[in-house]
Protein chains: 2
Amino acid sequence: MVDKIRLASVGTGRWARVLANAVARGERAALVSCFSRDEAKREKFQQEFGIGRSASSYEELLADPEIEGILLATPNDTHRELIVQALESGKGIYTEKPIAGSLEDARAIADAAQRTGSTFAVGHSARRLAGSRVMKQWIEDGSLGDVSLAETNFSNERGLELTPDSWRAKTKSPGGPMVQLGIHHADNLNYLLGPVRAVSAHSRRLYTKADIPDAVMAILEHESGALSYMGTGWASPSVYTINLQGTKANLRYDLDFKHWHEGHLADRYSTLQSQSHELSYGESHRPRVQLPHTDMYLEQIEEFAMATRGEATVEVGAAESTAALAVVHAAIVSSARQGKAVEVAEILSGQAKAA
Amino acid sequence: MVDKIRLASVGTGRWARVLANAVARGERAALVSCFSRDEAKREKFQQEFGIGRSASSYEELLADPEIEGILLATPNDTHRELIVQALESGKGIYTEKPIAGSLEDARAIADAAQRTGSTFAVGHSARRLAGSRVMKQWIEDGSLGDVSLAETNFSNERGLELTPDSWRAKTKSPGGPMVQLGIHHADNLNYLLGPVRAVSAHSRRLYTKADIPDAVMAILEHESGALSYMGTGWASPSVYTINLQGTKANLRYDLDFKHWHEGHLADRYSTLQSQSHELSYGESHRPRVQLPHTDMYLEQIEEFAMATRGEATVEVGAAESTAALAVVHAAIVSSARQGKAVEVAEILSGQAKAA
């Protein structure tokens, strides 16, 4: 019998269920406990996923010697306290992106991770999609040539459903869709094209009832010289796309957001098409690139779980997730400055802050 | 026998041939003369298109009483002089986009058109593509709901072929691909979403040997509140796309640039796909919208020709084409100001000038 790595879920909402389902698809880890302030929710979650016990307080959970790592799926503004507490108690912790809502919180988390040496991982799952991995490979092996332009969009209709009192609608979610959706592409673009030097952005509140932006566009200047674009909205049917333009070829990636929460299906509902200079139009104009079928959530949870035992290295930790958050905050600051470019370094150093 | 409207081609290069082929596909107009400084080129052009005569000077062409209108296909920086001269001689004149390279030239042309009352038309063909017309219809009849985000890209590999002494490589083509390709989308976006208030942009020279930008990205703020994006590059395989995100549906338009010069085929090598909230993935996820087959070049030439006889109204004249040029110049100025938004009104009034 395999000695499964013992994890606990903190948060029992929609995303905690996505992660619990991912754990159940794998062999390496198991949920052995869970915590939510609401007892009824804890019990329901325990039953649904066959979890042996639950904790009646976060402190009780952290004191449980059996638990090796925590999967955190709570609102962004709760991350700092819960993560730092876990790290300090010697528990590894995985959190959903973003690492936190503010850069200040992100820095506190990064400090705690470094100070304690406890395992810390952030769920920037998008870079683990088969399409992202294949795009990265095409860049690295030279198949794309030199990339000058990259375009990304991650949008859905969430803003049309939001009411003014939803947590996403408050300052807890600065940048609206940018910090919830766009941040995935901020990480993708850091991953694919290297560090972002500066960001120019505009954001608008147009059709949502909540007091948050629902239409954001940003231009990212990469240190490599490449320009990339992030479009992110909360006022339309869902979009998840990445287009890369290289001197040798272009790639277009398209994911059906409806399967976003199903890590094991997302690749199947994705297409990656290539386009080189020579091809003429027709069926083969943009031949489909075969994508393997991976499971982004399971992969990152197992990597995290194994890392708590020193058997794996965390791919996206405090540094990578803070870099993605800094792009989002640079966009927020730039938008308040009529699109004038804001340096990511300025954001990271705390010199520039969003209003 | 139809009394065809008598046109003359000025310029006998690649684009003059595209226009001459378009004229030949129609019934309403005919090329009766042509002019190019190079006699051998004139003769070759005459023979190829069965044109009865040619002029040995532009003045001779303008003095030809038979000619009702001129089709101009010469470099951007020659537009002003040739157009103003034609208008003042009482001839109607159609020019390829852009109206001119500089706003100053555009203003002089607009003044001459107004002063003389001669017919003036600019070849912003892209808005005449069936896909553009259908998108406009979906916006107007409410099928898209309210549009918050629009994304466009027009790129090709031209910059990788350019040498430092090509005309496009010099200041005659400010903004590089922006004024040659991007300007089509500037007009499309003005047409689809209404006037642009301000533009934020970044441009880069990355992989071309010529001293011009080959990677440009711009964010356009429309007076309606919508944000739109223009990506335009000269360092990758060709791209021509328009994506619209509305509260009720999204539309994606994609044209194969290889057929760009064939107005009668462009629609056939285009796809328009719609996406509403309800649809699940599969073959019907983004059903194709049927597109009629039009002929953008022929349509605009015939409209111009008929306008010279007062039988039609020009859709894209000095005002519309200057508005598109102003977007491009706002992008150039913004790029020099680190992306800070530049108002189109500031460009039109001559207060802000590109370096």
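**The contact between chain A and chain B**

In this predicted model, the contact draws 64 residues from chain A and 63 residues from chain B.

Me: About how much area do chain B and chain A bury between them?
Reply: The figure covers what the two chains bury between them. Carbon and sulfur atoms carry 59% of that area. The total is about 4,800 Å².

Me: Which residue of chain A meets Arg252(B) in a salt bridge?
Reply: The rule finds 6 salt bridges across the interface of chain B and chain A. In the one with Arg252(B), the side chains meet at 2.8 Å, N to O. The partner is Asp254(A).

Me: Which strand gives the largest share of the side of chain B that touches chain A?
Reply: Across the interface, 24 residue pairs are in polar contact. Elements of chain B that give two or more residues to this side include strand 7 (196-204), strand 11 (249-255) and strand 6 (147-155). The largest share is 7 residues, and its source is strand 6 of chain B.

Me: What kind of axis relates the two copies?
Reply: Chain B superposes on chain A, with RMSD 0.0 Å, by a rotation of 180° with 0.0 Å of shift along its axis. The copies are therefore related as by a two-fold rotation axis.

Me: In chain B, which residue has the C-alpha nearest the axis?
Reply: The C-alpha in question lies 1.9 Å from the axis. It belongs to Lys340(B).

Methods:
Residues are numbered from 1 along each chain as its sequence is written. Chains are lettered from A and ligands numbered from 1 in the order in which they are written. This is a predicted model: local features need pLDDT of at least 70, side-chain atom pairs count only at pLDDT 80 or more; totals for chains, interfaces and linings use all residues. Side-chain values use heavy atoms; hydrogens and water are left out. Contact means heavy atoms within 4.5 Å. Buried area is the accessible area (1.4 Å probe) that two parts lose on being put together, summed over both. A salt bridge is a side-chain nitrogen of Lys or Arg within 4 Å of a carboxyl oxygen of Asp or Glu. A polar contact is a pair of N or O atoms within 3.5 Å; within protein, one must be able to donate a hydrogen and the other to accept it, and residues adjacent in sequence count only if both atoms are side-chain atoms. Helices (H or I, at least four residues) and strands (E, at least two) are DSSP runs, numbered from the N terminus. Copies are superposed by least squares on the C-alpha atoms of residues with pLDDT of at least 70 in both.
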